[in-house]
Amino acid sequence: MRSLLAALLIASGATTTPAVRPVADAPKLAFETGHGRPAVLHFWATWCDACRDEFPRLRKLLNGLPARGVGVLLVSIDRPEKLDRVKRDLRRFGVARLPAVVLDAPDPDPVANAVGESSWDGTLPSTFVFDAQGKLRKSFIGRTDPAALERALRAVH
C-alpha cells in the first residue's frame, strides 16, 4: 500500500515530505523500500558537496526507478532540525517526488552495519542496490556513475 501511494504521488507530480526516522530504523529501510522488488537506497546530506554535485547526474535515473518497479529511498544523514533544508534541497535537485527520510544517525557505524556493507565508512554520497529479497547486491561508495548504477539495476531486475 505504501509503495502504491508513493507511485501515485510520483505520477501526480506531488512532492513528498521526508519523515525523520531514528537510526534504529536503518535495518528496515531496504525491506520497506523494496516490498518484494529491487530497491535503491541513496545516502546523502545537505552539507555534502559531492552529494550536491551528484544529484544532477543521477536525477533522471532516480526519478525513473518507480515506474520501472524499483523501490527508491533518498536517505539524508542530516540532523532532524535540518528537515526544512532537506526538503528545499530535494526540490532544488529535482527529486522531491521520490520517497525520502532523514535518518537521525550521528554515528555512521549502525547505519553501515544495517546496510550490510562492511567496507562503508559513512562516506557520502553512497548508493546501495538490493535485490527483490532485500539482499545487498551492489555498493557505490562515493559518487555513483549513472551507467554503472543502470548496469547494477539490470542485474537485479
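Under the ring-pair rule applied here, the count comes to 6 aromatic pairs; rings of Phe, Tyr and Trp (its six-membered ring) pair if their centres lie within 6.5 Å, with planes under 30 degrees apart called stacked, over 60 edge-to-face and the rest tilted. One of them is Trp44 with Phe93: the centres are 6.2 Å apart and the planes sit at 80°, so this is an edge-to-face pair. Trp44 belongs to strand S2 (residues 39-44) and Phe93 to the loop between helix H4 (83-92) and strand S4 (100-104), so the pair ties together parts that are 49 residues apart in sequence. Helices (H or I, at least four residues) and strands (E, at least two) are DSSP runs, numbered from the N terminus. Both Trp44 and Phe93 are buried, where buried means under 20% relative accessible area, exposed over 50% and partly exposed in between (1.4 Å probe, protein chains only). Elsewhere, Phe43, Trp120 and Phe128 make up one aromatic cluster.

A word on the ground rules. The model is predicted, with local features needing pLDDT of at least 70 and side-chain atom pairs counting only at pLDDT 80 or more, while totals for chains, interfaces and linings use all residues. Residues are numbered from 1 along each chain as its sequence is written, and side-chain values use heavy atoms, with hydrogens and water left out.

As for the overall layout, the chain has 6 helices and 6 strands, and from the N terminus on its elements run α-β-α-β-α-β-α-β-α-β-β-α. Of the 157 residues in the chain, 47% are buried.

The 6 strands form an open sheet with mixed pairing, in the order S1-S4-S3-S2-S5-S6; two strands pair if DSSP finds at least two bridges between them. S1 and S6 stand at the edges with a single partner strand each, so one side of each has no neighbour in the sheet. From one strand to the next, the twist averages 25°. S2 and strand S3 (residues 71-76) run parallel and are joined by 6 bridges. Leu41 has Leu73 as its bridge partner in S3, and helix H3 packs on the sheet, touching S2 and S3, with its direction at about 160° to that of S2. Axes here are lines fitted to C-alpha atoms, for helices over the stretch in contact, and angles run from 0 to 180 degrees between N-to-C directions. Val40, for its part, stands opposite Val72 in S3.

S3 itself is well tucked away: 6 of its 6 residues are buried, so the strand is largely enclosed by the rest of the structure. Both of its faces are covered, with Gly71, Leu73 and Val75 buried on one side and Val72, Leu74 and Ser76 buried on the other.

Next comes the core. The largest nonpolar core has 48 residues, and those with the most contacts inside it are Phe43, Leu62, Leu74 and Leu103. The largest share of this core, 6 residues, comes from H3 (residues 49-64). Such a core is a set of buried Ala, Val, Leu, Ile, Met, Phe, Trp, Tyr and Cys residues joined through side-chain atoms within 4.5 Å. With neighbours within four places in sequence set aside, Leu62 is in contact with Val40, Phe55, Val72, Leu74 and Leu98. At the other end of the chain order, helix H6 (residues 146-156) has Ala148, Leu149, Glu150, Ala152 and Leu153 as its buried residues, and what covers them includes S2, H3, S5 and strand S6 (136-141).

Leu124 and Pro125 are joined by a cis peptide bond, with omega about -5°; Pro125 lies in the loop between helix H5 (108-115) and strand S5 (126-130). His35 is not a glycine, yet has a positive phi of about 45°. The residue lies in the loop between helix H2 (29-34) and S2, and at 44% relative accessibility His35 counts as partly exposed. Ala24, in the loop between strand S1 (19-22) and H2, counts as exposed at 57%. Ala24 and Leu103 are 79 residues apart in sequence, but 9.2 Å apart in space, C-alpha to C-alpha.

Technical notes
Contact = heavy atoms within 4.5 Å.
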